[in-house]
Amino acid sequence: MLAVAVLAAGKGTRMCSAHPKVLQPLAGATLVDWVLESCELLNPQRRLLVVGHQAERVQQHVQRRHQQVEFVLQQPQRGTGHSVQQLLQPLGNFSGTLLVLNGDVPLLRSTTLGRLVEHHHRSGSAVTVLTACLEEPKGYGRVFCDERQRVRAVVEDRDCTDEQRRNRLVNGGVYCFHWPAVAAVLPQLKADNQQGELYLTDAVGLLNPATQLTVEDGTEIIGVNDRSQLAACEQVVQQRLRQQWLAAGVSFLDPVSCSLSAGTRFGRDVVVEPQSHFRGSNSIGDGCRIGPGALIEDSQLEADVEVTFSVVRQARLARGSVVGPFAHLRPGAVLGEHCKVGNFVEVKNSRLGPEVKASHLTYLGDAQLGRGVNVGAGTITANFDGASKHPTTIGEGSSIGANTVLVAPVTLGRDVTIAAGSTITKDVTDDALAIARCRQVQKKAWHKPAAAPHSSSATGGEIEPSSQGQAST
Ligand code: UD1
Ligand code: CA
């Protein structure tokens, strides 16, 4: 029987943040999401999360994303040992293995956790600690072993002597405990250390036999205590995600300039040009060409879509659509096959049928456009009357002349033509031409007004009132 407990009650003082540390963002998720996700493959029977600082916020966040998590309150927060003491009651006489993870150690691979549990069971230890040998061990607890590689003690960085600090074997903050064994020593913990806290690491020192497993890739155990460690984690995750997708058939022309989220899926032969960023959950179809300079968030792109220097958020783009440069697709934008949304075009909550073209300087909001509609440069759907939003419907095959304002609510039928410069306030029927602008007036042989003679210094250079305006006609 395996139970997992994640310690997530701490404040995270060194982040200097208004938000709880475990909710800090990492590649589109939060630290605690990554930690909970890392142990999913082990298929634990129970998942416990110790919460304390801003407990409701952490709980709300986790409940929305992870099923079957039991929340345990630690109030006040008196250290990692005190945090695990809170499990004495909910775990009761559980007799299996408890995997304890720090909520701020987000880069662990599932395979590493699997090896730790296996090693623990094979060795029959009371505890197995995951360790790493780091070039820069500063800030981590140091692990001291005897000649048989059994763990004798874990000493916190701030409690170490200078001599002890030279030890580069560090505690990764991940432990496999035989629960009845650790439950028996937890009440013995004392706060006789530099921080005046109850340390879980002291429990390790009280257990026998205590073993350790050293992870080869030290980046796996990076703990996030401050912003620079958070930035280091982000780099590691980004590098891992890029490697994963390069191996799966995605081309990155300048990988380091791009950022990915764990929830982004790519098809084959996708080309990602420099400075392209993916956030949230996206699916990018085969053969898409993204960038340079794209931001894609929570969107679905079918095959062969192109997005250049544009922002795409909560949008759906069917096969062969071309977006940009400099387009903005906002939530609810749905593009049919082979649409073209060009420069300085904004689309919000609008459904464009196949082969619609809106190539320049346009706003489409709360609109439905049928197949093959051509939207002229400078067309605006005036969807907001100051209080509510209203819809615009344009039938298939219609052509909207340049600089048209469509004052919603308004419906245009099929194959309608709107003359350039129109302000359309009434519905237009199928096949009609609508012109809604002032008729042009022409004055033949028009004499331009003569310029006023240059005034003398006596008038101070001012223009005579009578010479200013023109009579209107
Ligand atoms: C801890 C370890 C250290 C190890 C390092 C690895 C201890 C005493 N030290 O140090 O040996 O090298 O992790 O990253 O365990 N938490 C609670 N309740 C509390 C205090 C903390 O739930 O009262 C949670 C925090 O939210 C955090 C985790 O425990 O997720 C670790 O706490 P933190 O204060 O960051 O420990 P470190 O000083 O990093
Ligand atoms: Ca930490």
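Reader: Which helices and strands each supply at least two residues of the lining of the largest pocket?

Author: General idea to start with: a pocket is an open set of points on a 1 Å grid over the protein atoms alone, with protein on both sides within 12 Å along at least five of seven lines, and lining residues have an atom within 4 Å of a point. Helices (H or I, at least four residues) and strands (E, at least two) are DSSP runs, numbered from the N terminus. Here, β1 (2-8), α3 (80-85), β10 (169-178) and α8 (200-206) each bring at least two residues to that lining. β10 gives the most, with 4 residues. Keep in mind that this is a predicted model, where local features need pLDDT of at least 70, side-chain atom pairs count only at pLDDT 80 or more, and totals for chains, interfaces and linings use all residues. Residues are numbered from 1 along each chain as its sequence is written, chains are lettered from A and ligands numbered from 1 in the order in which they are written, and side-chain values use heavy atoms, without hydrogens and water.

Reader: What volume does the largest pocket have, and which residues are closest to its centre?

Author: A volume is the space filled by probe spheres set on the grid points, which are joined across faces, edges and corners. For the largest pocket that comes to about 1100 Å³. Its lining has 39 residues, and Arg14, Lys21, Thr80, Asp104 and Asn225 are the closest to its centre. By type, the lining splits into 10 nonpolar, 19 polar and 10 charged residues (Ala, Val, Leu, Ile, Met, Phe, Trp, Tyr, Cys and Pro count as nonpolar, Asp, Glu, Lys and Arg as charged, the others, Gly among them, as polar).

Reader: Where does the second largest pocket lie?

Author: Look at which domains line it; their bounds come from an automatic or database domain assignment. Domain 1 (2-221) and domain 2 (227-434) both contribute to the lining, so the second largest pocket lies between them. Its volume is about 710 Å³. There are 27 lining residues, with Ala29, Trp34, Glu37, Ala262 and Gly263 nearest the centre. α9 provides the largest share of this lining, 5 residues.

Reader: On to α5. Which residues of α5 are buried?

Author: An α-helix has 3.6 residues a turn, so residues three or four places apart point the same way. In α5, the buried ones (under 20% relative accessible area; exposed is over 50%, partly exposed in between, with a 1.4 Å probe and protein chains only) are Thr112, Leu113, Leu116, Val117 and His120. They cover an arc of only 135° around the axis, which puts them on the same side of α5; that arc is taken over the directions from the helix axis to the C-beta atoms. Thr111 and Arg122 are exposed on the other side of α5.

Reader: Which residues does a cis peptide bond join?

Author: Check omega. Between glutamine 75 and proline 76 omega is about -5°, a cis peptide bond, and proline 76 sits in the loop between β5 (69-73) and α3. Glycine 324 and proline 325 are also joined by a cis peptide bond, with omega about 0°. Proline 325 is in the loop between β23 (322-323) and β24 (328-329).

Reader: And what about phi of aspartate 304?

Author: Phi of aspartate 304 is near 60°, a positive value in a residue other than glycine. Aspartate 304 belongs to the loop between β19 (300-301) and β20 (306-307), and is partly exposed at 40% relative accessible area. Alanine 445 isn't a glycine either, yet has a positive phi of about 45°. Alanine 445 is in the segment after β38 (433-434) and is exposed, at 67%.

Conventions
1 Å grid on protein atoms, 1.4 Å probe; cavity = no way out; pocket = protein on both sides within 12 Å on 5 of 7 lines; lining within 4 Å.
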